[in-house]
Amino acid sequence: MFKFADLSSAITHWLADRYGKIDTPFLGPRFILPFRAHHLFPRDMTKLDFFKTNGNSCLFVNIILLVSF
């Protein structure tokens, strides 16, 4: 069964890969660059710890969760 989390993750990933720009202030270096970098260097994600790999994404999701309450 396809879940909402999978769908939202896929859409976010696609938008960042397709429409995001690395030089966009604040978002570019923190979110767009890591999305693009993992396509070029996929094994680099396995060499970093969890927080280095997912930290910015977790912060972004937490902001969304706080706003939704």
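The following dialogue examines how several terms apply to this structure.

Mentor: This is a predicted model, in which local features need pLDDT of at least 70 and side-chain atom pairs count only at pLDDT 80 or more, while totals for chains, interfaces and linings use all residues. Residues are numbered from 1 along each chain as its sequence is written, and side-chain values use heavy atoms, with hydrogens and water left out.

Trainee: What pattern does the protein follow along the sequence?

Mentor: The pattern is α-α-α-α, and the secondary structure comes to 4 helices and 0 strands. Helices (H or I, at least four residues) and strands (E, at least two) are DSSP runs, numbered from the N terminus.

Trainee: How many aromatic pairs does a search of the whole structure find?

Mentor: The search finds 1.

Trainee: Why is the pair of W14 and Y19 called edge-to-face?

Mentor: Rings of Phe, Tyr and Trp (its six-membered ring) pair if their centres lie within 6.5 Å; planes under 30 degrees apart count as stacked, over 60 as edge-to-face and the rest as tilted. The centres of W14 and Y19 are 5.5 Å apart and their planes stand at 85 degrees, so the pair is edge-to-face.

Trainee: What makes W14 partly exposed?

Mentor: Buried means under 20% relative accessible area, exposed over 50%, and partly exposed in between (1.4 Å probe, protein chains only). W14 has 46% relative accessibility and therefore counts as partly exposed. Y19, at 51%, counts as exposed.

Trainee: Which charged end sits over the ring of Y19?

Mentor: That of R18, 5.5 Å from the ring centre. The term requires NZ of Lys or CZ of Arg within 6 Å of the ring centre and within 35 degrees of the ring normal.
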